[in-house]
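Visitor: I would like to learn how to read the features of a model like this one. Where do we begin?

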Amino acid sequence: MIPPEHGVATLVAGKAIPLVYVREGGSVFIGGASRGGNEEWFRQVMLSGSALLDLNGKRVRMRATLVSDPDERRVVEGLFRACFPDRFSMWFSERTKWVAMSEGARVRVVTSLGQGRVRCHSLGL
């Protein structure tokens, strides 16, 4: 199985914030810092409901949604484990906030509730 596209995306929010991502289907999932990292980007995205991302040199305006459904969170975590197997446990924890973004539609944010549980809801923009 070939892992989905993945790498480092830059969130353009006043200053450039590098965040790892995995693109699967029509969504771009962002892995938020959970091990002492800056989570201000998460608050900004959730307040505005959208974000400007630089993906491989292409700037794209996207919308955000919080992913909190337990099953959906497990799927996203699995994607990140497959794409970043050597770094997953260093970068992420059960408190990681996952953001799923989609062009011209919505951005999804996946938030761990602990013990493998996830919450997912859409933000209307």
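Guide: Begin with the naming of elements: helices are DSSP runs of H or I with at least four residues, strands are runs of E with at least two, and both are numbered from the N terminus. Thr96, for example, is found in the loop between α3 and β6. Keep in mind that this is a predicted model.

Visitor: Is Thr96 buried or exposed, and what does its side chain reach?

Guide: Buried means under 20% relative accessible area. Thr96 counts as buried because its relative accessibility is 0%. The side chain of Thr96 reaches the backbone nitrogen of Ser93 at 2.8 Å.

Visitor: How is a pair of aromatic rings described?

Guide: By two values, the distance of the centres and the angle of the planes. A search of the whole structure finds eight aromatic pairs. One of them joins Phe80 and Phe92, with 5.5 Å from centre to centre and 75° between the planes, which is edge-to-face. This pair links distant parts of the chain: Phe80 is in helix α2 (residues 70-83), while Phe92 is twelve residues away in the loop between α3 (88-91) and β6 (97-103).

Visitor: What geometry does the pair of Phe92 and Trp98 have?

Guide: Phe92 and Trp98 form a tilted pair, with centres 4.7 Å apart and 40° between the planes. Phe92 counts as buried because its relative accessible area is 3%. Trp98, at 0% relative accessibility, is therefore buried too. Phe80 is also buried.

Visitor: Which residues form one aromatic cluster?

Guide: The cluster consists of Phe80, Phe84, Phe88, Trp91, Phe92 and Trp98. A ring can also have a charge over its face, and here Lys97 lies over the face of Phe42, at 5.4 Å from the ring centre.

Visitor: How should I read the largest nonpolar core?

Guide: Look at the members with the most contacts inside it. The largest core has 19 residues, and Leu11, Val28, Ile30, Trp41, Val45, Leu53 and Met101 touch the most other members. Two or more residues come from each of β1 (5-13), β2 (15-24), β3 (27-31), α1 (40-48), β4, β5 and β6. β5 gives the largest share, four residues. Apart from this core lies another, of 13 residues, including Val67, Leu79, Phe92 and Trp98.

Visitor: What does Val28 touch beyond four places in sequence?

Guide: Leaving out residues up to four places away, Val28 touches Tyr21, Val22, Arg23, Leu53, Leu55, Met62, Val99, Ala100 and Met101.

Visitor: In which sense do β4 and β5 pair, and over how many bridges?

Guide: β4 and β5 pair in the antiparallel sense over six bridges. Leu52 has Arg61 in β5 as its bridge partner. On to β6: β5 and β6 are antiparallel over four bridges, and the partner of Arg63 in β6 is Ser102.

Visitor: What is found between β4 and β5?

Guide: The two strands form a hairpin with two residues between them, and Asn56 in the turn has a positive phi of about 55°. Asn56 belongs to the loop between β4 (50-55) and β5 (58-67).

Visitor: Is Asn56 buried or exposed?

Guide: Exposed means over 50% relative accessible area. Asn56 has 61%, so Asn56 is exposed. Not counting residues up to four places away in sequence, Asn56 touches Glu5 and Tyr21. Asn56 and Ala9 are 47 residues apart in sequence, with 7.2 Å between their C-alpha atoms.

Technical notes: Residues are numbered from 1 along each chain as its sequence is written. This is a predicted model: local features need pLDDT of at least 70, side-chain atom pairs count only at pLDDT 80 or more; totals for chains, interfaces and linings use all residues. Side-chain values use heavy atoms; hydrogens and water are left out. Rings of Phe, Tyr and Trp (its six-membered ring) pair if their centres lie within 6.5 Å; planes under 30 degrees apart count as stacked, over 60 as edge-to-face and the rest as tilted. Buried means under 20% relative accessible area, exposed over 50%, partly exposed in between (1.4 Å probe, protein chains only). A charge sits over a ring if NZ of Lys or CZ of Arg is within 6 Å of the ring centre and within 35 degrees of the ring normal. A polar contact is a pair of N or O atoms within 3.5 Å; within protein, one must be able to donate a hydrogen and the other to accept it, and residues adjacent in sequence count only if both atoms are side-chain atoms. Contact means heavy atoms within 4.5 Å. A nonpolar core is a set of buried Ala, Val, Leu, Ile, Met, Phe, Trp, Tyr and Cys residues joined through side-chain atoms within 4.5 Å. Two strands pair if DSSP finds at least two bridges between them.
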